[in-house]
Amino acid sequence: MKVSLKRLLSSGKLRRQKSSAEEIADLFAVVDRDLKDASIKGLSPDRRFATAYNAVLQLATIALRANGYRTAGLGHHSTTFEALPLVMGKDFKEKSDYFDACRSKRNTTDYGRVGDASESEADELLREAKQFKKEVTGWMSTRRV
C-alpha cells in the first residue's frame, strides 16, 4: 500500500494544524542546541547519536509543520520520517529511510542497552544532521508559515 498524505490523515497518524513563524523558530533553536551538544566529544557515542537524532527529528518536524501537518498518536517519530518525502519531495526518500533506521538505533540506545552507537555512527549522523539543516533551511526559504 503506497503511503500518501491522504492515507496518513485518514489513518489518524497526521492531522492538519497551522503553524506559526514563532513555532518554527523555536524548533530551529532546538536543532541548533542539539547540533552543538552532539558535537561535544566528551559525551558518549550513544548520547551524541541520540542528540543528533533529535536534531533530524526536529528538522523533519519543521517540514511537516511548515506544510500544516502535525503527527498524532503512537509512532509519531516513524510517521514524521514516513511523511518527510511527501512534504519535501521524493528526493528525500533515501534520507528519510536513513533517519528512520537511526530512529530504531536511538530507541535501543535510550531504552535497551549501553554502547549500541559507535563514534563513527554518531559522527556520521551529526554530519547528516548538519547537511539536512542546510537543506531544510533552503527549502524553508521558499515557504511561508
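This is a predicted model: local features need pLDDT of at least 70, side-chain atom pairs count only at pLDDT 80 or more; totals for chains, interfaces and linings use all residues.
Q: Where is Lys95 found, and which residues is Lys95 in contact with, leaving aside its neighbours within four places in sequence?

A: Lys95 belongs to helix H5. Once those sequence neighbours are set aside, its contacts are Glu128, Gln131, Phe132 and Glu135.

Q: Now to helix length. What should helix H2 span, and how far apart are its end C-alpha atoms?

A: The rule is 1.5 Å a residue, so the 18 residues of H2 (residues 21-38) should span 26 Å. The C-alpha atoms at its ends lie 26 Å apart, in agreement with that.

Q: Which residues of H2 are buried, and which are exposed?

A: The general idea first: an α-helix has 3.6 residues a turn, so residues three or four places apart point the same way. In H2, the buried residues are Glu23, Ile24, Leu27, Phe28, Val31, Asp34, Leu35 and Ala38. Because they cover an arc of only 135 degrees around the axis, they sit on the same side of H2. Ala21, Glu22 and Lys36 are exposed on the other side.

Q: What do the buried residues of H2 pack against?

A: Their partners are helix H3 (45-66), strand S2 (69-71) and helix H6 (119-140).

Q: What do the buried residues of H4 pack against?

A: They pack against helix H1 (5-10), strand S1 (14-16), H3, S2, helix H5 (93-111) and H6. Among the buried residues of H4 are Phe81, Leu84 and Met88. Not counting residues up to four places away in sequence, Met88 touches Ala63, Phe132, Glu135, Val136 and Trp139.

Q: How many residues has the largest nonpolar core, and which helix gives the most to this core?

A: The largest nonpolar core has 39 residues, and those with the most contacts inside it include Met88, Phe132 and Val136. H1, H2, H3, H4, H5 and H6 each supply at least two of its residues. H3 gives the most, with 12 residues.

Conventions: Residues are numbered from 1 along each chain as its sequence is written. Side-chain values use heavy atoms; hydrogens and water are left out. Helices (H or I, at least four residues) and strands (E, at least two) are DSSP runs, numbered from the N terminus. The expected span of a helix is 1.5 Å times one less than its number of residues. Buried means under 20% relative accessible area, exposed over 50%, partly exposed in between (1.4 Å probe, protein chains only). The arc is that of the directions from the helix axis to the C-beta atoms. Contact means heavy atoms within 4.5 Å. A nonpolar core is a set of buried Ala, Val, Leu, Ile, Met, Phe, Trp, Tyr and Cys residues joined through side-chain atoms within 4.5 Å.
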